[in-house]
Amino acid sequence: MKRPIWLSLILLAGMQILTVSHLEAADTIYQYNSNSPQLGDIKGYTKTELTLQRGSKSVKIPANEVQRVRWDGEPPQLNIARNQEQNGNYAAALAEYKKAQSSGSANLKKALQFMIARATAKSAQSNAADLDNAIKLLSDFIKANGDHYQFYAATKLLGEAYLAKKDYAAANKEFGTLERSPWKETQMNAKNLKARVLLAQGNIKGALSAFEAVTKIDAKSPAELASKRAAQLGSALCLEKEGKQKEAITVLDQIIKTADPQQTALLAETYLRKGDCYRELGEAKEALIAYLHIDVLFPSQPAIHAEALYHLSTLWGKVQKPERGVEARAVLEQQYPNSEWTQKAAGS
């Protein structure tokens with residue numbers, strides 16, 4: 001007997017509801033360089049991969065390819081919190097992450113522990129008073145979750161926090177762990193970070209040699225190319241410190257031409273160092289243009305943005321626009337009250 005149209009419509013609607021409910025209940029893995037998230041049930045993970053069950057099929061996803069995971073049952077406001085963190089609004093992100101800690105699965109709670117540590121570490125980049133807390137949160141996460149898929153991401157953040165604190169031995173220890181990861185781009189990144197330690201210690205020649213070694217590594221994947229450009233940036237920074245600003249600018253311009261626009265942290269620092277070089281050469285107008293790129297395009301990089309605002313506050317007067325300098329200083333004081341650059345502006 002032929003099914004009535006109204007009954008077919010009801011059955012179709014019911015199937016759609018069931019399908020939507022199933023999708024909403026699934027864990028979702030978002031990967032770098034992919035516009036198609038993978039849905040399923042995460043059955044387990046190690047520090048190098050996640051296992052996703054999709055029906056009768058089991059898929060292994062390398063941890064270094066995972067941009068983020070949306071866990072089944074997580075509150076919808078976490079997406080807003082992630083966006084807040086990405087935009088540099090760490091206080092707002094932390095407030096939402098902490099609210100979500102009271103509920104959810106064990107996997108979600110572990111993920112939130114990492115997200116809170118990560119946002120705190122990023123906040124510490126423009127507020128050194130947060131460094132000790134960031135180090136504690138990251139250390140606690142790593143100790144409790146030695147086989148978590150965010151292990152290497154947490155290790156990198158911990159090493160960077162130690163570097164900012166000028167605990168070079170501890171930083172090198174974490175970067176050494178990072179260098180022993182199974183992925184080429186992560187190993188390259190670890191070498192870059194070790195070179196940053198040498199640079200912070202005043203060993204410019206040693207740092208330049210280390211950065212140049214990374215630039216000579218054959219890079220194929222987008223992540224490997226990103227690590228190679230980070231090494232080029234390090235080399236430019238060494239050239240600048242050696243008083244070779246014009247040579248450094250040539251390298252920095254090459255990075256700007258070739259870098260992926262999504263590499264915002266890399267590009268922000270590239271423009272910062274370009275501004276520094278021009279400022280040291282006494283070319284105020286060119287320096288202003290470089291620093292303005294950061295103010296307009298990369299305000300989500302708080303440490304770099306604060307430094308750029310400080311230089312803008314001092315440079316505008318040199319091109320007969322002191323009122324713009326006052327505006328830049330006001331933004332610096334309002335957005336980054338605890339930054340070293342705000343303190344420097346107050347003492348000038």
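This is a predicted model: local features need pLDDT of at least 70, side-chain atom pairs count only at pLDDT 80 or more; totals for chains, interfaces and linings use all residues.

Reader: What makes the five strands an open sheet, and in which order do they lie?

Author: The strands follow one another as E4-E3-E2-E1-E5, with antiparallel pairing. Strand E4 (57-62) and strand E5 (66-70) each pair on one side only, and they are the edge strands. Neighbouring strands are turned against each other by 45 degrees on average, with direction ignored.

Reader: How do you know that strand E1 is paired with strand E2?

Author: Two strands count as paired if there are at least two bridges between them. Strand E1 (residues 27-31) and strand E2 (residues 38-45) are joined by three bridges in the antiparallel sense, so by that criterion they pair. Asp27 stands opposite Gly40 of E2, and the bridge partner of Ile29 in E2 is Gln38.

Reader: What do E1 and E2 form together, and which residue in the turn has a positive phi?

Author: E1 and E2 form a hairpin, with six residues between them, and Asn33 in the turn has a positive phi of about 60 degrees.

Reader: How many bridges join E1 to E5?

Author: Four bridges join E1 to E5, and these strands run antiparallel. Since the cut-off is at least two bridges, they too count as a pair.

Reader: Why is E1 called largely enclosed by the rest of the structure?

Author: A residue is buried when its relative accessible area is under 20%. Four of the five residues of E1 are buried, and therefore E1 is described as largely enclosed by the rest of the structure.

Reader: What is the volume of the second largest pocket, and which residues lie nearest its centre?

Author: The volume of the second largest pocket is about 370 Å³. Its lining consists of 21 residues, and Tyr90, Ala91, Ser123, Asn127 and Asp130 lie nearest the centre.

Reader: Which helices supply at least two residues of that lining, and what is the make-up of the lining by class?

Author: Helix H3 (90-100), helix H4 (106-124) and helix H5 (131-144) each supply at least two residues, and H3 gives the most, with five. By class, the lining of the second largest pocket has nine nonpolar, 10 polar and two charged residues.

How values were computed. Residues are numbered from 1 along each chain as its sequence is written. Side-chain values use heavy atoms; hydrogens and water are left out. Axes are lines fitted to C-alpha atoms, for helices over the stretch in contact, and angles run from 0 to 180 degrees between N-to-C directions. Buried means under 20% relative accessible area, exposed over 50%, partly exposed in between (1.4 Å probe, protein chains only). On a 1 Å grid over the protein atoms alone, a cavity is a set of points where a 1.4 Å probe fits but cannot get out, and a pocket is an open set with protein on both sides within 12 Å along at least five of seven lines; lining residues have an atom within 4 Å of a point. Grid points are joined across faces, edges and corners, and a volume is the space filled by probe spheres set on the points. Ala, Val, Leu, Ile, Met, Phe, Trp, Tyr, Cys and Pro count as nonpolar, Asp, Glu, Lys and Arg as charged, and the others, Gly among them, as polar.
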